[in-house]
Structure formats: structure tokens, C-alpha cells
Amino acid sequence: SQTMHILERDTMGGLAKGLQVIETFTAARPRQSISEVSSATGLDRATARRCLLTLAYLGYADYDGKFFTLTPRVLRLGTACLATMPLPQVVQDLIAFRAGTTTKVPDVPFQMLSDLTLTPRQWATVAGRASWATLRQGLNMFARKGAFTVPGTVKHVARGLANAERIRLARAMPYQLLATLRAVDPDLPHVLRAALHAAMEHSVANVPVLAGSVVVCPDVSGSM
């Protein structure tokens, strides 16, 4: 497609400078000071400061008194364009969620959401979709995030933890469940502790049967 020739006098200098400032933030430079942005853009320090403070005021950047970092809100600037690209739907859902244009939690690994502020109900959705291993390892995290305060979540997670087929597919071993039981928060709902005990019983079926004589030699040295 052709782009109509646009004269510089018909453009907005302030907007151009603001976009220029945004483009200085990269994976290698996620946090920048006013001086660093000024140097990267060639703008004078006062102009760079006004641009950065405007971004922070509008929610596109965080400011800790010295350094600025872009927030997920900046993704909104490209959401419409990305929506027209042949990206997988789950990628578009993640971009939209991180940009704040939707509250529907995308079906992605929770690690992609852990830096965001989610509501207890959203964390409950994440827990409901989690793999068996993620549930076992993330019980304390889901408790801290308030997921178990959402009605129905505890029972749903308990059923998932104690599901014999999921335990078989996860190749879970009894020692893993024992370690989890010892590590979970004392205030974890009793039904979840009971589910872990049931899971331990099911996991015994995953212990391999070794042919011949088996000798177990525990290391009892001080280093262990």
C-alpha cells in the first residue's frame, strides 16, 4: 500500500517526541533515568523529563523517583494493529489482557501472568486450568493470592490433586507428595491436605518394580 506524503509542519512535535521516548525502552534497557532517555533520544533533559512524567501520569510508565519503566498499558498502543495480524488467538488474548483491554484471563502458563496484579477470582481461574504439577507446587502461592477464597475453588483443586489419572500422567512419586505436605502453609484448607494424602496413595502405583535383588544404600554422611 502507498502512504501519502506528509509534511513535517502538519505533524505534532510533542507526540513524536513522546513516541521517540517510548522506543528507547528495550529488553536491554527496561529501566532508564531522565538523563539516559535524554542521551538516547537527543532531546534536552527538560523535554525528556516532561515526556516521561506525562507517560507516568497517564499510566504508561512507572516512576520510582529516579528510574522509569514502561507498564503493560503501553501494549494498548499496538493492540488494534496486532489484532489484525495472523497471530495465534492465545497470543492475542495474552496481549489484550496484559494491556488491560480485557479482564478475561488467557489460557497461558501462570508464569506469564505472575508479574501482574490479578484478582483472587482471576487467580482462581489460573488454578482451575493449571497442570497437576503446577497445582502441587503452587498451593502456597495460590493461597497467598486469595484463589482459595473464591467459592468452589478449593473443591475443584482438591479433585484435581487427587485425580488418579492425572497423577499417573504426571508420573508423580510418593516422596514428592510427602515433600509438598511438609512445605504447605499450616493454614492451607484441610480438604487440600486430604487431597495430597490421597494423591500420595495413588502415586505408589508409579513406583517402578525392579527385577532381581535391590540394595538400598542411604548416604548418612554429614554432608547429606
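This is a predicted model: local features need pLDDT of at least 70, side-chain atom pairs count only at pLDDT 80 or more; totals for chains, interfaces and linings use all residues.

Colleague: Thanks! How many residues does the largest nonpolar core have?

Modeller: First, the idea: a nonpolar core is a set of buried Ala, Val, Leu, Ile, Met, Phe, Trp, Tyr and Cys residues joined through side-chain atoms within 4.5 Å. Buried means under 20% relative accessible area, exposed over 50%, and partly exposed in between (1.4 Å probe, protein chains only). Here the largest core has 36 residues, and Leu-113, Leu-139, Phe-142, Leu-161 and Leu-192 have the most contacts inside it. Two or more residues come from each of α5 (89–99), α6 (120–129), α7 (132–137), α8 (139–144), α9 (153–161), α11 (174–183) and α12 (190–203). The most, five residues, come from α12. Another core lies apart from this one, with 14 residues, among them Ile-22, Ile-34, Leu-55 and Tyr-60.

Colleague: Where do names such as α5 come from, and which residues of α5 are buried?

Modeller: Helices (H or I, at least four residues) and strands (E, at least two) are DSSP runs, numbered from the N terminus. In α5, the buried residues are Gln-92, Leu-94, Ile-95, Ala-96, Phe-97 and Ala-99. Just after α5, Gly-100 has a positive phi of about 85°.

Colleague: What should I know about phi in other residues?

Modeller: Most residues other than glycine have a negative phi. Arg-171 has a positive value, near 55°. You will find Arg-171 in the loop between α10 (164–170) and α11, and it is exposed at 68% relative accessibility.

Colleague: How many salt bridges are there?

Modeller: Side chains of opposite charge can pair when their charged atoms come close. The rule for a salt bridge is a side-chain nitrogen of Lys or Arg within 4 Å of a carboxyl oxygen of Asp or Glu. The count by this rule is two. One joins Asp-64 and Arg-31 at 3.5 Å, N to O. This pair links distant parts of the chain, 33 residues apart: Asp-64 is in the loop between β2 (61–63) and β3 (68–70), and Arg-31 is in strand β1 (residues 31–32). Asp-64 is exposed at 52%, whereas Arg-31 is partly exposed at 46%. Glu-165 and Arg-168 also form a salt bridge, at 2.6 Å, N to O. Both lie in helix α10, three residues apart, or about one turn of the helix.

Colleague: And how many disulfides does the structure hold?

Modeller: A disulfide is a covalent bond between the sulfur atoms of two cysteines. The test is a pair of cysteine sulfur atoms within 2.5 Å, and the structure holds zero disulfides. Cys-51 is buried, at 13% relative accessible area, while Cys-217 is exposed, at 64%.

Colleague: Which residues form a nonpolar patch on the surface?

Modeller: Patches are made of residues with over 30% relative accessible area and no salt bridge, with like charges joined within 9 Å and nonpolar side chains (Val, Leu, Ile, Met, Phe, Trp, Tyr) within 5 Å. Accessible areas come from the Shrake-Rupley method with a 1.4 Å probe; for residues, only the protein chains shown count as cover. Here Met-12, Leu-15, Leu-19 and Leu-77 form the patch, with about 430 Å² of accessible area together. Leu-15 sits in helix α1 (residues 13–22).

Terms used:
Residues are numbered from 1 along each chain as its sequence is written. Side-chain values use heavy atoms; hydrogens and water are left out.
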